[in-house]
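Thanks for coming, everyone. Please take a look at the screen, and then I'll walk you through it.

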Amino acid sequence: MAVTDMPTGDEKPKVKLLNDPKFRSIVFQVILIIFLVWVVWSMIDNASTNLKNAGIASGFGFLSTSSGFGLNFSPFLEYSSSSSFLQVYWVGLQNTLVLAVIGIFFATIIGFVMGVARLSNNWVISKIAYWYVEIMRNTPLLLQIFIWYKGVLATLPLAKDSIDLGALGFLNTKGLFAPKFVTADGAGLIGWALLIGLVITFVIKSWAKKRQMATGERFPVFWTGLGLIIGLPLLTYFIMGQPISTEYPTAGNFGPRGGMRVIPEFIALILALSLYTAAFIAEIVRAGILAVNRGQTEASYALGLRPGQTLRLNIIPQALRVIIPPLTSQYLNLTKNSSLAVAIAYPDLTAVFAGTALNQTGQAVEIVGMTMLTYLALSLITSLFMNWYNAKNSLVER
Amino acid sequence: MKKTIVSALGVVALSVSALSASAATLDDVKAKGFVQCGVSQGLPGFSNPDSAGNWTGIDVDLCRGVAAAVFGDATKVKYTPLSAKERFTALQSGEIDVLSRNTTWTATRDTTLGLNFAGVNYYDGQGFMVRKDLGVKSALELSGASVCTNTGTTTELNVADYFTTNKLEYEIVAFEKADEVVAAYDAGRCDVYTTDQSGLYAQRLKLTNPADHVVLPEIISKEPLGPVVRQGDDQWFNLVKWTHFAMVNAEELGITSENAEAMKSSDNPAIKRVLGTEGEFGAALGVGNDWAFNIISQVGNYAESFNRNVGPDTPLAISRGTNDLWSKGGLQYAPPIR
């Protein structure tokens, strides 16, 4: 080792301020920030000046004016053509969320089933899962949406010759006309009964776990819970004199009327989005399971656990740690892919707000900005939730 | 490193300055040698490619007229097919020079989009088409029906107004492309197809069995269709406006594509002014003095364009009606060229 002249003690090396690395780095960062602020500001200023010069209206005043057009799907929110453009935004967001939540629900179930099926020892089952994954994953999503919408649903019979599904209602090119539940007085109590059932089950579960830890005795939590959650509301239903009835769709001039209507665009999108995303989830699940050491399975078998129990109690909990991070991206993908709804006239956020509302008002900058921020927020919320879930499932070191 | 910063600055500077360009459309058009015309994605009679791939229609004729006025050659046009949703952005951004795409003139579009409507080349009104076997005779019997239409159109707004005013229930299914609307109606997704009545006759030709469908008698709105240009470029605005007026004036004065050459020696001073043998009207528009002669001899007068594209002898079989000359009970009226 060569001996060098090192400054001793706390004495600071004497350098010019200009050559001080700390000072220089601060200066450069400040310059960068000023530059970025200037770029953003000049872009905003330019856009507004140019819009003004071109005689194009700008600002957010349009949000409170009435939209003047109708929408055919709004399961929860009130909407009519006299509603404001802000309401159009909420309805669009609602429709996107409904699509995303239901799509994610089915994609997860199908994905897990297919992922496990691919690893099955049964040759037929594993090959079916293999081909499912390969076909769904390797064709464009937009094409799949068109196949479901134009190839399958559009070939259903016309409204006047609907397929009668009996208790399920009617099916035709205009969608599914299912029976609707109509509530009378006392129906609210059933909801409360359900809630009480859930709370009691939860309490019993934690009590049973404690007791098992202490004494080793097991308690049939599953069956007790099932009895409480289903039995209690059912009992209330009969005590209150059956306050929930079903309203069946009836024949009208233009096909069935009344009941609950599910538009074909929605059915096509749910099918396409969940089946497509499920193929990716299946691969993630398969990878997750394979990532768990083979020794874990052997150890489980050695302890006398059956294959089902091994999967449920040993493999899946460990595999989840590998599965959750990529699963999050699939959920985000599904949410963003739901904007393809615009191709088949489903009124989601992109179609009605960034589409129809933009066209009727011409305020592209404001509307596209709002829409982008909304998708960004949706994705960030999904990420936050999945990160929390991931942290909850990750390995706890004692 | 320094180079990167400098080039980044350059990009920013460019984006800052490039935004407020393109004021004189006529100069740009002359420089590039053709007119970029925004048309529909295929609406027979208005703007539709024929079997040889050439665009034809009453809206296409207007663009050809503008090219004839500028270059003396009606073929110097390039077409951009646009959906209803894309059309205004394409014009605002300068992607096209003129939008001639069966577009309804409304107050909102005229005042808030930074655009100007340069006249009305077709007076239309919104109508409904249904399947004959539904047995519907009037639009007032349509309560509970599903209605297919184009998104981003006045049609979508009118239908909401009409059904609300008449207290009829309905379901609106709005597609982005006209072809998708027709396909959905044909497949039975909707009971009713609504658009401008001329469009109904045109799109009916695309259905599997056109004879199974009937257009209802009600007209529920005013739809003045016309060419659109960017606001703030009066020279180009004038040129497009007077291209249409020249065609109407020519019909009124009896000048056709066949007799235009012979008419040049007419004694009628009004005809002489149109054909450029008297006065300097072309120069004032920034084009040659034979501008109107070129339009008429290459594209034809308004009657020729109408009859060739949508008139009684075409598959659309639309009568002149409101689109007849003012002197024959219609609404087509052009200010005089003098």
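Let's start with confidence: pLDDT is the predictor's confidence in each residue, on a scale from 0 to 100. This is a predicted model, where local features need pLDDT of at least 70 and side-chain atom pairs count only at pLDDT 80 or more, while totals for chains, interfaces and linings use all residues. Residues are numbered from 1 along each chain as its sequence is written, and chains are lettered from A and ligands numbered from 1 in the order in which they are written.

Now chain B. Its average pLDDT is 90. In chain B, 93% of the residues score at least 70. Residues 1-22 of chain B are another matter: there the pLDDT is below 50. Beyond near neighbours in sequence, this stretch has nine contacts in the model. A contact means two residues whose C-beta atoms, placed from the backbone, lie within 7 Å. For the complex, the predictor gives an ipTM of 0.77 and a pTM of 0.80.

How is chain B divided? Domain 1 covers 22-123 + 225-311, and domain 2 covers 126-221. Those bounds come from an automatic or database domain assignment. The centres of the two domains of chain B, taken over C-alpha atoms, are 30 Å apart. Where they meet, 15 residues of domain 1 of chain B are in contact with 14 residues of domain 2 of chain B. The domain 1 side has six nonpolar, eight polar and one charged residues. Here is the sorting: Ala, Val, Leu, Ile, Met, Phe, Trp, Tyr, Cys and Pro are nonpolar, Asp, Glu, Lys and Arg are charged, and the others, Gly among them, are polar.

On to chain A and a pair of helices. Helices (H or I, at least four residues) and strands (E, at least two) are DSSP runs, numbered from the N terminus. Helix α7 of chain A spans residues 264-291, and helix α9 of chain A spans residues 307-337. They pack at an angle of about 155°, with axes 8 Å apart. Axes are lines fitted to C-alpha atoms, for helices over the stretch in contact, and angles run from 0 to 180 degrees between N-to-C directions. So α7(A) is roughly antiparallel to α9(A). Under 35 degrees is roughly parallel, over 145 roughly antiparallel, 65 to 115 roughly perpendicular, and the rest oblique. The residues of this helix contact divide into 16 nonpolar, five polar and no charged.

Last, the two chains together. 33 residues of chain A are in contact with 32 residues of chain B. On the chain A side, α1(A) gives the largest share, five residues. That side divides into 14 nonpolar, 17 polar and two charged residues.
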